[in-house]
Amino acid sequence: MPRLAANLGFLYQEWPFEERFAAAAADGFKGVEYPVPYAHEPAWLAGQLRAHGLQQVLFNAPAGGASRDAVRRAWEGGWRGTASLPGEQAAFRYGIDLALEYAQALDCPQIHVMSGINPGGSDRDRLLWLHNLAWAAERAAQQHVSLLIEAINHTDMPGYWLHTQQQAHAALIEIGHPGLGMQLDFYHCQMTEGDALAQLRHYWPGGLVRHTQIAGAPGRHEPDHGSLQWRELLAFLDAAGYQGWLGLEYRPRQGTRAGLGWLRQ
Ligand SMILES: O=C(O)[C@@H](O)C(=O)CO
Ligand SMILES: [Mg+2]
């Protein structure tokens with residue numbers, strides 16, 4: 001079984017965000033991830049991690065905005081990253097630098113960089129995306145932080161630029177920066193490509209999968225609800241010697257603790 005990280009943006013919603021660290025630690029988690037840390041000061045978040053013996057495994061670069069206030073409002077305002085968006089390069093660079101500040105404070109080795117809602121984006125937008133990622137990867141590497149990209153399905157996030165594994169891997173190979181890797185979310189993969197296990201088998205040899213996330217598909221509930229071959233996926237990662245984390249990024253059907261039973265199966 002890979003190391004498991006509780007995604008505090010999805011799990012433990014019975015508790016206010018401020019209390020989710022304690023709740024996750026009480027259930028035995030050693031790692032946490034969440035998409036949006038920017039409503040809290042890095043020192044406070046670092047204190048929570050220390051107090052509860054947790055490791056910060058992943059968080060997202062800002063979804064948008066070129067100031068602290070704008071960053072705090074970005075997710076609610078519908079932004080989902082700026083990496084492929086023309087006219088947003090100032091926000092993109094501001095966001096990367098802010099994320100790197102948080103990564104230092106939280107001792108977090110990797111950051112997810114979202115590409116943005118860009119339906120019908122052009123070849124030029126693709127070049128911008130690659131250019132932005134290359135710039136950001138180099139900047140992050142100076143601080144020993146890796147950047148990750150994740151394909152997100154269009155049912156949950158219509159118009160999201162990066163939505164297939166093929167698109168992600170082609171971009172990573174083209175950029176060729178060692179500090180850039182793949183966040184393979186089995187839920188999104190199952191929703192888009194239909195067979196997450198086949199995709200994992202296909203792309204694993206490229207060595208670009210650095211982080212994984214899981215939820216049942218469809219529904220995005222516990223992994224044992226739906227068509228995801230979660231046992232086979234976990235067995236594959238074990239057999240392949242996967243050293244990364246598996247983020248539990250699902251909406252529990254009837255409470256987080258009641259829903260942890262699939263892990264004991
Ligand atoms: O899958 C997801 O939704 C997340 O991993 C994320 O970072 C964007 O919402
Ligand atoms: Mg995900």
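Modeller: Let us start with a pair of strands: strand S2 (residues 31–34) and strand S3 (residues 55–60) run parallel and are joined by four bridges, and within this pair Gly-31 stands opposite Gln-55. This is a predicted model, in which local features need pLDDT of at least 70 and side-chain atom pairs count only at pLDDT 80 or more, while totals for chains, interfaces and linings use all residues. Residues are numbered from 1 along each chain as its sequence is written, and chains are lettered from A and ligands numbered from 1 in the order in which they are written.

Colleague: Which other strands pair in the parallel sense, and over how many bridges?

Modeller: Strand S1 (residues 3–7) pairs in this way with strand S8 (residues 245–248) over four bridges, and here Ala-6 stands opposite Leu-248. Three bridges join S5 to S6, which also run parallel, with Gly-181 of S6 as the bridge partner of Leu-148.

Colleague: What is the order of the strands in the barrel?

Modeller: Eight strands close into the barrel in the order S1-S2-S3-S4-S5-S6-S7-S8, with parallel pairing. Neighbouring strands of this sheet are turned by 30 degrees against each other on average, direction ignored, where the axes are lines fitted to C-alpha atoms, for helices over the stretch in contact, and angles run from 0 to 180 degrees between N-to-C directions.

Colleague: Why is Leu-162 called buried?

Modeller: A residue is buried if 20 or more other C-beta atoms, placed from the backbone, lie within 10 Å of its own, exposed if 12 or fewer do, and partly exposed in between. Leu-162, in the loop between strand S5 (146–149) and H6, has 23 other C-beta atoms within 10 Å and is therefore buried. Leaving aside neighbours within four places in sequence, Leu-162 is in contact (C-beta atoms, placed from the backbone, within 7 Å) with residues including Ser-115, Ile-149 and Gln-167.

Colleague: Is Gly-9 buried or exposed, and how do you know?

Modeller: Gly-9 has 20 other C-beta atoms within 10 Å, and it is therefore buried. Gly-9 sits in the loop between S1 and helix H1 (17–26), and its contacts beyond four places in sequence are Tyr-34, Pro-35 and Val-36.

Colleague: Why are His-144 and Arg-220 put in other classes?

Modeller: His-144 has 10 other C-beta atoms within 10 Å, so it is exposed, whereas Arg-220 has 19 and is therefore partly exposed. His-144 belongs to the loop between helix H5 (123–141) and S5 and has a positive phi of about 60 degrees although it is not a glycine. Arg-220 lies in the loop between S7 and H9, and its phi is near 60 degrees, again a positive value in a residue other than glycine.

Colleague: How do you know that H7 is largely enclosed by the rest of the structure?

Modeller: Seven of the eight residues of H7 are buried, which is why we call this helix largely enclosed; among them are Phe-186, Tyr-187 and Met-191. The buried residues of H7 pack against H6, S6, H8, S7 and H9. Strand S6 is also largely enclosed, because six of its six residues are buried.

Colleague: What makes you say that the buried residues of H8 line one face?

Modeller: In helix H8 (residues 196–203) the buried residues are Ala-196, Gln-199 and Leu-200. Seen down the axis of H8, they fall within an arc of 100 degrees, so they line one face of the helix; the arc is that of the directions from the helix axis to the C-beta atoms.

Colleague: Which residues surround ligand 1?

Modeller: Among them are Pro-35, Asn-60, His-112, Glu-150 and Glu-249, and a residue is counted as near when its C-beta atom, placed from the backbone, lies within 6 Å of the molecule.

Definitions and conventions:
Pairing = 2+ DSSP bridges. Helix = DSSP H or I, 4+ residues; strand = E, 2+ residues; numbered from the N terminus. Contact = placed C-beta atoms within 7 Å.
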